[in-house]
Amino acid sequence: MKPVSISLLTICGIDELPTHQARSVSHVLSVLDPERPDPDAFAAYAPHERTILRFHDIIEELPGQMAPTSAHVEEVLAFGEGLKNTVDARKDGHLLVHCHMGVSRSTAAMLTLMAQTQPDANEDELFATLRAIRPIAWPNSRMIAFADDLLGRDGKLTAALNRHYRYQLEHDDHFDEWMTSLGRAREVALGKAA
């Protein structure tokens, strides 16, 4: 993400937040369940800019839960615009994006930010970079579909996401059972069909 002077990208889960306290984090995007209290770990961080989004990690509408919406992804893109607009105020930066486990919502948000700042980048290369940052990445398909539309990628992000799912299924036997148990069987099927 060089266009916004961010040289270090980190994705993690809530339990990992304390391990990043001394890593000069300049910007944080937190994606939390609506009912989840704010993590205490940020009290020990150096001063940083932080945006908090709240919705559940689901891909279908479910009673009593808040699914990701286009408006949520627009907020991710607004966060990215904010990084771009403050580029002159810093020489460098460390962006940390987290959700509950650092697997789905945070990886979808990071992929969205990377696609936003690199509009000409090949989609498969973006997902390869995402895997390098967070090997257990399984981005939320609903969020990626909204990002695909909002960024005018004409279905290319979604197609690359399906190939990413296939890659993850082929390289880690646990993803099939894990994602299916979390109500993500549709995404597993997309990976197997890709």
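Tutor: Let us begin with residue classes: Ala, Val, Leu, Ile, Met, Phe, Trp, Tyr, Cys and Pro count as nonpolar, Asp, Glu, Lys and Arg as charged, and the others, Gly among them, as polar. By that rule the lining of the largest pocket divides into 7 nonpolar, 3 polar and 4 charged residues. Please keep in mind that this is a predicted model, in which local features need pLDDT of at least 70 and side-chain atom pairs count only at pLDDT 80 or more, while totals for chains, interfaces and linings use all residues. Residues are numbered from 1 along each chain as its sequence is written, and side-chain values use heavy atoms, with hydrogens and water left out.

Student: What makes glutamine 116 count as buried or exposed?

Tutor: Buried means under 20% relative accessible area, exposed over 50%, and partly exposed in between, with a 1.4 Å probe and protein chains only. Glutamine 116 has a relative accessible area of 12%, and is therefore buried. Its place is in helix α2, residues 105-117, where helices (H or I, at least four residues) and strands (E, at least two) are DSSP runs numbered from the N terminus.

Student: Which residues does glutamine 116 touch, not counting those up to four places away in sequence?

Tutor: With contact meaning heavy atoms within 4.5 Å, glutamine 116 touches Leu77, Gly80, Glu81 and Leu151.

Student: How do you know that β1 and β4 are paired, and how many bridges join them?

Tutor: Two strands pair if DSSP finds at least two bridges between them; β1 and β4, which run parallel, are joined by 6 bridges. Threonine 10 stands opposite leucine 96 in β4. On the other pairing of β4, 4 bridges join it (residues 94-99) to the parallel strand β2 (residues 27-32), and the partner of serine 30 is histidine 98.

Student: Why are β1 and β3 said to stand at the edges?

Tutor: The open sheet has 4 strands in the order β1-β4-β2-β3, with parallel pairing. β1 (8-13) and β3 (49-54) each have a single partner strand, so one side of each is left without a neighbour in the sheet.

Student: What makes β1 largely enclosed?

Tutor: Of the 6 residues of β1, 5 are buried, so the strand is largely enclosed by the rest of the structure. Helix α2 lies across β1, β2 and β4, running at about 145° to β4, where axes are lines fitted to C-alpha atoms, for helices over the stretch in contact, and angles run from 0 to 180 degrees between N-to-C directions.
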